[in-house]
Amino acid sequence: MKAPPGKPIRQRPASWEDLVRDPLPRRVMAPAGRKRRAFSTLRTVGGIAILCAATWAGFELYRMWEANPARIKAPAQSGPLKTITFQTNGVLDRAWAGRTLAIPPGTGMMALDLFSLRDRLLASGQVRAAVLAREFPDTLSVVVEERDPVARIVASEPGGAPETFLVDRAGIVYPGINYPRSLVTTLPYLAGVRLRRVENGAGFAPVEGMETVANLIGTARAYIPALFSRWHSISLARLAPDGVLVVRSADVETLVFGTRDDFFKQVAQLDFIVDESRAQSGIGPIKMIDLSIGRTVSGTQIPVTYGAAPPVPGQARRAPAPARAREG
Amino acid sequence: MSSKIQTIGAIEIGSSKISVLIGELSRGRSLSIIGKGWCQSHGVVKGDVVDLRAASNAVHAAILDAESSAGGQRFDSVFLAQTGGHLKGFYNEASVNVQRADNMVTQMDIDNVREAATGRDLPAGRMLVHNIQRPFLLDGRIVPDAENLKGRVLKVGYWTVHGNQERLANNINVIRGFNLQVSELILSSLASGTMVTSPEERQTGVIAIDIGAGTTDYVFYRAGRACMTGAIPVGGLHLTNDLCIGLRLTEGQAEKMKTRFGRGIIATRDKNEKVWLNGDFAIGDRPLPKNSIELITSLRVAEIFEVVKTSLGAEFSTDQAVSGVVITGGTSQLPGVADAAATVFGLPARIGEFPGYINEQLRDPGYATVLGLLYFGLNSTTATAASSARRRKTGWWQKLFAGA
């Protein structure tokens with residue numbers, strides 16, 4: 001360094017900082033210090049290596065992009081779809097999935113539009129939820145959750161013949177696929193429902209009040225299976241105005257269930273009344289039981305209407321009386 | 001780790017214990033202490049490393065303890081406390097005539113006067129530890145920052161602290177042996193003085209005395225700056241040693257007697273009042289005169305303060321230290337130490353207290369130095385960075401275009 005004219009170079013006094021800059025004698029470094037230095041060096045070298053690798057990869061990708069952009073996608077698209085695995089909690093099968101998805105043969109794995117394929121599955125109505133996933137190298141995994149039907153309904157497409165549809169607990173109307181006949185025939189029909197088409201014309205709007213109907217069906221199926229198996233239809237016509245469900249069955253022509261009361265108590269009362277009526281002789285078949293009314297302070301007076309009794313020679317006809325069902 | 005967060009360690013290698021704190025500095029402003037560790041000292045006598053291996057093992061154990069308490073957070077640079085009887089200081093001042101025709105002080109004038117004041121050669125085998133600047137005097141007036149003020153003669157003084165080259169190297173090598181870099185070597189007295197005195201006290205004049213186990217460090221503040229520092233190789237262990245000799249006790253017994261009954265001034269006038277050595281009435285237990293214990297400790301404490309007062313020399317006068325004496329360090333926990341200091345110096349004296357922002361777990365006089373290392377070190381590095389940034393602004397680049 002050249003000094004300015006008239007100003008001598010002054011020697012800087014020795015400072016402790018010179019000690020820090022001096023090389024450290026080998027024997028002064030403690031074993032723990034050596035380990036620490038090795039770890040630190042390793043960390044630095046590793047960091048530099050990762051940085052270099054990332055830079056090189058970026059550079060290679062950039063070069064590939066510059067030369068032929070299609071090559072970047074090519075490796076992913078090169079594997080075609082070969083297998084579709086299918087899992088469900090219901091009755092649909094792999095063949096149905098194949099027909100519904102309608103994936104052209106030879107389609108590449110990366111060319112699959114999973115969202116559109118999922119929409120195709122959901123469009124059937126029978127599928128509540130679907131999960132599709134690519135399982136490389138060549139498999140599409142499909143997992144679906146199906147709806148549980150609780151009733152059936154007859155409706156007709158415009159200009160078509162009447163068809164039977166199934167209805168689930170949420171009121172979704174869908175054509176049941178692959179259900180065994182023995183299951184479908186046990187489902188009661190819905191009556192008194194005006195089905196509305198959805199705006200785009202594909203399918204029907206959900207049936208309102210199906211949650212209540214499903215509760216009644218579930219209770220009856222569990223506690224009075226014999227009587228329930230002879231139920232024909234459940235009418236929702238009086239559900240909104242009166243809060244009652246009207247059931248037509250082979251045993252009792254008309255059964256009226258109130259929705260404001262517990263269904264369990266009502267089906268128990270129904271079971272009692274039918275048993276009592278069958279035990280009595282000289283009375284006609286029961287025409288109607290209205291379980292939605294009849295509660296009094298001392299118990300429950302349920303109006304039961306009987307049909308004409310078969311004539312018994314030499315005995316006067318007995319007038320039908322309201323049945324008394326004891327609570328508890 | 002983000003570059004906006006800096007992790008720094010502070011280490012004090014004391015004669016009785018080694019303390020380590022880890023601080024996290026966010027954006028150069030807020031300091032959080034995230035870890036602390038300590039270890040009983042080995043291989044250190046009166047602040048000097050006498051057994052490198054033993055001292056290294058103890059320091060490294062304390063560092064690992066601190067890193068463990070900080071959740072495994074490692075640090076690479078260290079603020080290291082420096083003490084020891086080999087540290088000496090001298091005062092040197094220089095003055096220059098302001099060069100500009102309009103008598104406005106420029107950065108060049110400041111650089112010139114600083115260079116002249118700090119350029120004094122050191123004796124052989126000595127190394128610079130600190131150059132503590134006193135306020136500028138511009139035509140005899142005290143000015144904190146002289147740049148762009150008008151005047152004729154600019155004067156500045158430095159208190160230069162230097163130490164024995166080998167002893168400094170031993171201290172630094174203990175840290176470097178653990179693959180850590182010493183980024184600042186800070187006098188223990190400056191570190192602890194920063195923590196226990198307030199800016200107002202430093203402005204009006206105060207003496208901070210840190211009585212450690214092996215050494216006693218002191219700093220004399222005037223006009224807001226440290227104007228004199230020193231370290232004497234006498235500390236709390238000497239009180240223990242005096243009790244060993246005077247009462248024929250082992251070192252452990254003497255240490256126990258010191259902490260239980262030692263005092264800075266004599267409070268027990270009854271010479272027949274006894275205290276039991278162990279208190280278990282077993283073989284070896286014996287009564288000791290309480291007055292003797294107090295006499296021995298108080299004499300040594302008074303002697304320490306006398307030595308400090310003598311070391312301050314002509315610089316010290318009661319008029320210059322209006323805020324009195326503040327005492328810290330492990331030995332300051334003996335009752336009556338402040339009264340002894342007040343008697344010797346003829347000034348009000350108190351035991352140092354930490355600022356309110358210090359965590360409850362660290363409010364122990366033994367942590368004063370290591371806490372001060374973090375705060376003083378960060379302040380000084382920030383000030384240095386600001387000064388060099390300002391210097392760059394007025395450096396050759398600006399001079400090159402000055403004509404234009």
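Q: What share of the 328 residues in chain A is buried, and what makes a residue count as such?
A: In this predicted model, buried residues make up 20% of the 328 residues in chain A. The word applies to a residue when 20 or more other C-beta atoms lie within 10 Å of its own. For chain B, buried residues make up 45% of its 404 residues.

Q: What are the chains built from, and how many helices and strands does chain A have?
A: Chain A has 10 helices and 14 strands, while chain B has 11 helices and 19 strands. Among the contacts in chain A with a separation of 6 or more, 52% are between residues 24 or more positions apart. In chain B, 69% of the contacts between residues at least 6 apart in sequence join residues at least 24 apart.

Q: What makes β3 and β12 of chain B edge strands?
A: The sheet in question is an open one of 5 strands with mixed pairing, in the order β3-β2-β1-β6-β12 of chain B. Strands count as paired if there are at least two bridges between them, and β3 (30–40) and β12 (181–187) of chain B each pair on one side only, which makes them the edge strands. Neighbouring strands of this sheet are turned by 20° against each other on average, with direction ignored.

Q: How do you know that β1 and β2 of chain B pair?
A: At least two bridges are needed for a pair, and β1 (residues 5–13) and β2 (residues 17–26) of chain B have 9 bridges, in the antiparallel sense. As one example, B:Gln6 has B:Leu25 of β2(B) as its bridge partner.

Q: Which helices of chain B lie against strands, and at what angles do they run?
A: Helix α1 (residues 52–69) of chain B packs on the sheet and touches β1, β2 and β3 of chain B, its direction making about 135° with that of β3(B). Helix α4 (residues 188–196) of chain B lies across β1, β6 (77–82) and β12 of chain B, running at about 75° to β12(B).

Q: How do you know what span to expect for α1(B), and what span does this helix have?
A: The expected span is 1.5 Å times one less than the number of residues. With its 18 residues, α1(B) is expected to span 26 Å, and its reach of 25 Å from first C-alpha to last is close to that. Residues of α1(B) that are buried include B:Ala55, B:Val59, B:Ile63 and B:Glu67. Just after α1(B), B:Gly71 takes a positive phi of about 75°.

Q: Why are α7(B) and α8(B) called roughly perpendicular?
A: Helix α7 (residues 251–261) and helix α8 (residues 290–312) of chain B pack at an angle of about 90°, with their axes 10 Å apart. Angles of 65 to 115 degrees count as roughly perpendicular, and α7(B) and α8(B) therefore have that relation to each other. The contact is made by B:Met257, B:Lys258 and B:Phe261 of α7(B) together with B:Lys290, B:Ile293, B:Glu294 and B:Thr297 of α8(B). These residues divide into 3 nonpolar, 1 polar and 3 charged.

Q: What makes up the contact between the two chains, and how many residues does each chain give?
A: Chain A gives 16 residues and chain B gives 20 residues. On the side of chain A, the elements giving two or more residues are α1 (16–21) and α2 (31–67) of chain A, and the largest share, 5 residues, comes from α2(A). By class, this side of chain A has 10 nonpolar, 3 polar and 3 charged residues.

Terms used. Residues are numbered from 1 along each chain as its sequence is written. Chains are lettered from A and ligands numbered from 1 in the order in which they are written. This is a predicted model: local features need pLDDT of at least 70, side-chain atom pairs count only at pLDDT 80 or more; totals for chains, interfaces and linings use all residues. Two residues are in contact if their C-beta atoms, placed from the backbone, lie within 7 Å. Helices (H or I, at least four residues) and strands (E, at least two) are DSSP runs, numbered from the N terminus. Ala, Val, Leu, Ile, Met, Phe, Trp, Tyr, Cys and Pro count as nonpolar, Asp, Glu, Lys and Arg as charged, and the others, Gly among them, as polar. A residue is buried if 20 or more other C-beta atoms lie within 10 Å of its own, exposed if 12 or fewer, and partly exposed in between; C-beta atoms are placed from the backbone. Axes are lines fitted to C-alpha atoms, for helices over the stretch in contact, and angles run from 0 to 180 degrees between N-to-C directions. Angles under 35 degrees count as roughly parallel, over 145 as roughly antiparallel, 65 to 115 as roughly perpendicular and the rest as oblique.
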